[in-house]
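Colleague: I have not looked at this structure before. Could you take me through it?

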Amino acid sequence: MSNICVKNLSIRFRIYHDRSPSLKSYFANLFKSHSNDAHSDFWAVNDVTFDIQAGDRVGVIGHNGAGKSTLLKALCRVYEPTRGEVHINGRIAPLLEIGAGFHPEFTGRENIYLNGSILGHSREQLRSIESGVIEFAEIEEFIDTPVKYYSTGMYMRLAFSLATAMHPDILILDEIFAGGDASFIKKAKARMHNLIDNANIMIMVSHDHELIRTLCNRVLWMDHGTLIGDGEPNEIIDRYLAKSYS
Amino acid sequence: MKGGLIRLCIELFNSRNVLWQLVAQQLILRYRRTALGYLWTLVNPLLMMSVMALVFATLFKQDLKTFAVFLFAGMIPWNFFNSVVTQSSAALINNEGLIKKIYLPKVIFPLSIAIACLIDSALSFLALFIIILAVGGTLSWAIFFIPVAYLLLLVFSFGVGLAISIFTVFFRDFQHILLIAMQGLFFLTPILYKNNALTGKMGWLIAWNPLIPFVDLFRGPLYGLAIPPTGTLLASTALSVLALVAGLAIFLAQERKIVFRL
């Protein structure tokens, strides 16, 4: 069974006030003490602790810049914890930004293999899902054309179809929605729901509170990097909305 | 360090698919939609070396055929080292998009560059070798030493590349400094001239050039028609191991920090 255990997780970003110091000041500061470095610390995630068990459908809410996406990226190991620990059991599928790792010069088919391997699929797995992905994305005609010639819709459809082709244990979603026309969106939503139903654990960040109410059985409320609410969706969302509009 | 190495090996094995995809990406993309395609990898160094051989054989008043073999034996390791190091400097920066969105063992970026350069170099070696034979060069059994030379050079270049890929993330100016430094290093390395040609005030500097044993590894079998002396072998092996250990130590110590600095 999958589970996620996050303990006292903190992630610090350094904000550099002067990205490119002049050569003169660079060498002038080289031998000075580092106490007056031109940076300040920003704790995007600050001392967050929670456990997620198999079967949990977790929604993460909070204002812009509350640390929701940073938290998800820490679960996907993109950001190493500055302090604290993250323990994960199970095959994790990071759908943070679909189409990450697509190469514009490669054809659609080549990108299935390139991006698919980045997502952690083996060559054999990719060969077995290739035709299904192409069919779902409805781009049979253009599959051997470099993706830089694709329309935004075609690009999104291919990226979405590939990203959602495998069933992971742990599904991590950051505001995922599919582009395309109405009929594709309908098809994509059905596929998303199917993916979520089959996942052992699902964690999503969304500003669509109605979506979270229908999909999740638990909500984490992030505020300025700290976790200030953890519980039943309706209760937490109502408290969050009450605070936002007060 | 030891635990880090074991973890690194497991992760590398698990992401071998990505590694091959990245290697293929580099080899395929460069010449896509060009008429000669991958042949450019062979044509380019071939033309460059022909021009250099012509000019410098005349300048140094050398026999063209002998000098061509001499130059070719020096240019092969230089070109390989040069491409690995300069391309590695952008290895992490160019893949910022990926590194910020998905977890991958970051070693695969410089490693894929080293492997792609090795394939390029081996092919241009073959092409040049055939041409040398065609114009009447001599062949010896020492040629079977070349794979060993390549292995040592690969390990050395990869080690240096690892350190440089990290360094440029923290200090972006270094990418530009590196280009100038490599140009200087080319003239300070005995490629156009023999090892003992630069004497006097420059002599000591030349003697400390770590590339010399690697050039000798190739020049021995190809030009001298003999396996390089034990001293060269020991020096190049020691340098390779040193570069790899130092490169890995720097890389593993910093790889978690770079995502915050890209």
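Modeller: The C-alpha centres of domain 1 and domain 2 of chain A lie 26 Å apart. This is a predicted model, in which local features need pLDDT of at least 70 and side-chain atom pairs count only at pLDDT 80 or more, while totals for chains, interfaces and linings use all residues. Residues are numbered from 1 along each chain as its sequence is written, and chains are lettered from A in the order in which they are written.

Colleague: Which residues belong to domain 1 and domain 2 of chain A?

Modeller: Domain 1 covers 3–31 + 41–90 + 205–245, and domain 2 covers 95–199; the bounds come from an automatic or database domain assignment.

Colleague: How many residues of the two domains are in contact?

Modeller: In chain A, 11 residues of domain 1 are in contact with 7 residues of domain 2, contact being C-beta atoms, placed from the backbone, within 7 Å. Helix H2 (residues 68–75) of chain A supplies the largest share of the domain 1 side, 4 residues; helices are DSSP runs (H or I) of at least four residues, numbered from the N terminus.

Colleague: Turning to chain B, at what angle do H4(B) and H8(B) pack?

Modeller: Helix H4 (residues 64–88) and helix H8 (residues 174–188) of chain B pack at about 165°, with axes 11 Å apart. Axes are lines fitted to C-alpha atoms over the stretch in contact, and angles run from 0 to 180 degrees between N-to-C directions. H4(B) is therefore roughly antiparallel to H8(B), a term for angles over 145 degrees.

Colleague: Which residues of H4(B) make the contact?

Modeller: They are B:Trp78, B:Asn82, B:Val85 and B:Thr86.

Definitions and conventions. Helix = DSSP H or I, 4+ residues; strand = E, 2+ residues; numbered from the N terminus. Parallel < 35°, antiparallel > 145°, perpendicular 65-115°, else oblique.
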